[in-house]
Amino acid sequence: MAQPALAQGTRQQLKTANKFFGQENYRASLPYYEQVLAKDPNNAQALFRAGIAYMSFDKEKASDYIYKAQRLKKNVSKDVEYWLGRVDHLNYNFDEAITHFQAYNATLKTKDSRKKELAQLIQHSKNAKVQFNSPKDIFVKNLGPVINTQWSEHSPVISNDDKVLLFTSRSDNMSNAPVISAEGNVKDKGKIAADGQYYENIYEAKRIDDENWDKPRSLSGVLNGKGHDASIQVFDNDTKLLMYRNDENGDILYSEKAGADWTDPKKLNKNINTSSFESDAYITPDGLTIYFSTSKYSEDNTLDIYSSIRTPGGDWGPAKSIGNAINTPYDDDSPYLSRDGKTMYFSSRGHNTMGGYDIFKSQYDSLGRKWGRPENMGYPINTPDDDTYYRLSPDGSYAYLSSYRIGGYGEKDIYTINYIKNAIVRGRVLARQDSSAIPGAELVFSGTQADRTALSYRDVSKPLTGEYRVDLLSGRTYQVAVSKDGKNIETQEFAVPISTNDSTVVEKDFYVDYIDTTAANLANVNPIYFDTDKYTLRPESIVELNKVSQLLMANPGVNISIEGNTDSRNTDEYNIVLGQNRANVAYNFLKKAGIAETRMVTVSYGERRPVAPNDSPENMQLNRRTDFRVIVKEGESMPMMNKPGSGTTPSNMNPSNSGSNMNSTGMGMGTRSTVPLEPGKTTVTLEDGTKIKTKVDEDSDKVKVKTKGPDGSESKTVTKDGTIDAKAKDAEGNKVKVKTDND
């Protein structure tokens, strides 16, 4: 913009600035106000009016100027409280805006027509406060300086292949500004509107990649007339363009593709275009219905949305209102439908707008054959200023809109709107000391949604590898608490980048200060397994529990952790209790077998330590178990284990006493403790009538146990060299097989 001549005096500069201000040619007025302020920084009138002028493209500077003007001269304008309310609202200071609006309202007479506007502005601030304090997880991105300029860009139209963008701009060839003489006269008036800016023109840009666009080219050849022209929609496989032109107060036209350019636009018929203002439209994919905004039928020339259906002859029929659920006493504009026709997006100054135009959506009620109550799409899709022209991408995964936002390039800019999606975060939990994997470590990712609702995601690192995986909402920083055996190790912060698709994977290894003191399974002992939702011992579990008791008797310095586990059928809380019961039943067995309580601890991991995915009955069976692990003190290594019978026999044990005081469960019927199994055959009948036959081979490395209950249940278990091969059938005939390998 050309600078005014420096020779002009302050009075003349202020006069010229006020002239443009009175014409609402705010951009043209600003250089003159700034010249005045350069010489007289405390000129309250220049500050006040410059602040109002800045509101359309620099809200923060507007606030600074108007507030400074009021501080210098409290009554700089009789409307100063009104403008302070407006500028505070635009800068998200909603409580302050309400206070200023109320103060201004108190100065007006009872019947002043401005009271109605103030009541609406106060409500806008209240609405905005609600929406701002409950934001959506939305990613708003400016299309950048190739598309957006210091002028207004709006009306984005995207091709079906998402590679060509048509849009409307008030710049001249995307760069030039109107030229103003030193006397304040505008040159090149043929291109300049009444507000001192260039008329709206249509531009086309081609996509380079996901982030970048080629330099736009003007479509002024035939599409741009003498006044405002704006893009609306491409349809019929991108062969036709719906557009706006400000003929007869504003009409809807269409043009057809001709090679790389477009034909001379033609107006739609008089059922659509009237002598009133028609501003925007949308034609459904089948080409049979058009939705458009018009001021023809409103009492105060505000816009409402109407529809028209093609007649059998091929032209548009009479217009029909889409109903008062959508149309309000204020402007309702810019209709756009989802591809399936069930959702309408539109802009409105009514309903519960945050201020100016907001984007709303309405669902079609196919039974009632009407559009439902509109829903404000919320912050940050909507802002306290104008938000318009919401258009979905071809695949519906994101949207375009035009909006005037803090941090933009000037006036209205074009943005993309993406819903923030989940990301997969995966990696391993490793010891910082030696990078060894830490299995069984619980990771809890704690964060918040945009509206500050708490988020929590968890996983437990897998056996052997220490791997974990969580699917969590992206675009925020999480506090990650790492714990082991119920004890917190440490908490780390981890920022997950924004994901706008469903396939983002983030790799993250967590290194923690931890030494695993319970890493060794009890030698040659397998887990014991349980039926679904049960914690009663199976017959085949007896062999393993006997082996545990024998090893502990032979190694009096060894202590163990008895660890209950479950599959994932129930809630985490329920499974923790069930896992504890499974640990307790083994603990009680060993206690009765003579193992001191001080040598055993129990813990439940519930579903948190699966050894196999919970995706089949067989895998779930492997997870319904109790493990036995040696407790190794920090700094010590795994002790050498004595084999049963190789060490000193405790004084209360007599290997020859394996008769009537012992049963095959290893539970003493009198006061004596469990003794090692000896080669040979035994048969025992329990109190409930269950018969148990045991056969131990000569080397004691192979044991067969058969049981038969009074209810018809049967089991057969063979253990050899640490391997269990078991079959069981309950009273109802249900069968189960378990085969495990100690490796």
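Here is a friendly conversation about a predicted model of a protein chain.

Biologist: I'm new here, so how many helices and strands does the chain have?

Modeller: Welcome! Keep in mind that this is a predicted model. The secondary structure of the chain comes to 10 helices and 41 strands.

Biologist: What share of the residues in the chain is buried?

Modeller: The chain holds 743 residues. A residue is called buried when its relative accessible area is under 20%. Buried residues make up 50%.

Biologist: How are helices α5 and α6 oriented, roughly parallel or roughly antiparallel?

Modeller: Two packed helices are described by the angle between their axes and the distance between the axes. Helix α5 covers residues 80-90 and helix α6 covers residues 94-106; their axes come within 8 Å and cross at roughly 160°. Angles over 145 degrees count as roughly antiparallel. That crossing therefore makes α5 and α6 roughly antiparallel.

Biologist: Which residues of α6 meet α5?

Modeller: The two helices pass each other in a left-handed crossing. From α5, the residues taking part are Glu81, Tyr82, Leu84, Gly85, Arg86, Asp88 and His89. On the α6 side, they meet Phe94, Glu96, Ala97, His100, Phe101, Ala103 and Tyr104.

Biologist: How do the rings of Tyr82 and Trp83 pair, stacked or edge-to-face?

Modeller: A search of the whole structure turns up 28 aromatic pairs. In the pair formed by Tyr82 and Trp83, the centres are 5.1 Å apart and the planes stand at 85°. Planes over 60 degrees apart count as edge-to-face, so this pair is edge-to-face.

Biologist: Is Tyr82 itself buried or exposed?

Modeller: Tyr82 has a relative accessible area of 11%. The limit for a buried residue is under 20%, so Tyr82 is buried.

Biologist: Which lysine lies over the face of Phe510?

Modeller: Phe510 belongs to a cluster linked by ring pairs, together with Phe445, Tyr457, Tyr468, Tyr478 and Phe494. A lysine lies over the face of Phe510, at 5.3 Å from the ring centre. That residue is Lys508.

Biologist: How far apart in space are Asp331 and Gly350?

Modeller: Asp331 sits in the loop between β14 (320-321) and β15 (332-337), and it counts as buried because its relative accessibility is 18%. Among the residues that Asp331 touches are Thr302, Ser348, Gly350 and Tyr357. Asp331 and Gly350 are 19 residues apart in sequence, yet from C-alpha to C-alpha they are 6.8 Å apart.

Key
Residues are numbered from 1 along each chain as its sequence is written. This is a predicted model: local features need pLDDT of at least 70, side-chain atom pairs count only at pLDDT 80 or more; totals for chains, interfaces and linings use all residues. Side-chain values use heavy atoms; hydrogens and water are left out. Rings of Phe, Tyr and Trp (its six-membered ring) pair if their centres lie within 6.5 Å; planes under 30 degrees apart count as stacked, over 60 as edge-to-face and the rest as tilted. Buried means under 20% relative accessible area, exposed over 50%, partly exposed in between (1.4 Å probe, protein chains only). A charge sits over a ring if NZ of Lys or CZ of Arg is within 6 Å of the ring centre and within 35 degrees of the ring normal. Axes are lines fitted to C-alpha atoms, for helices over the stretch in contact, and angles run from 0 to 180 degrees between N-to-C directions. Helices (H or I, at least four residues) and strands (E, at least two) are DSSP runs, numbered from the N terminus. Angles under 35 degrees count as roughly parallel, over 145 as roughly antiparallel, 65 to 115 as roughly perpendicular and the rest as oblique. A crossing is left-handed if the near helix is turned anticlockwise from the far one by less than a right angle, and right-handed if clockwise. Contact means heavy atoms within 4.5 Å. Lists of a residue's contacts leave out its neighbours within four places in sequence.
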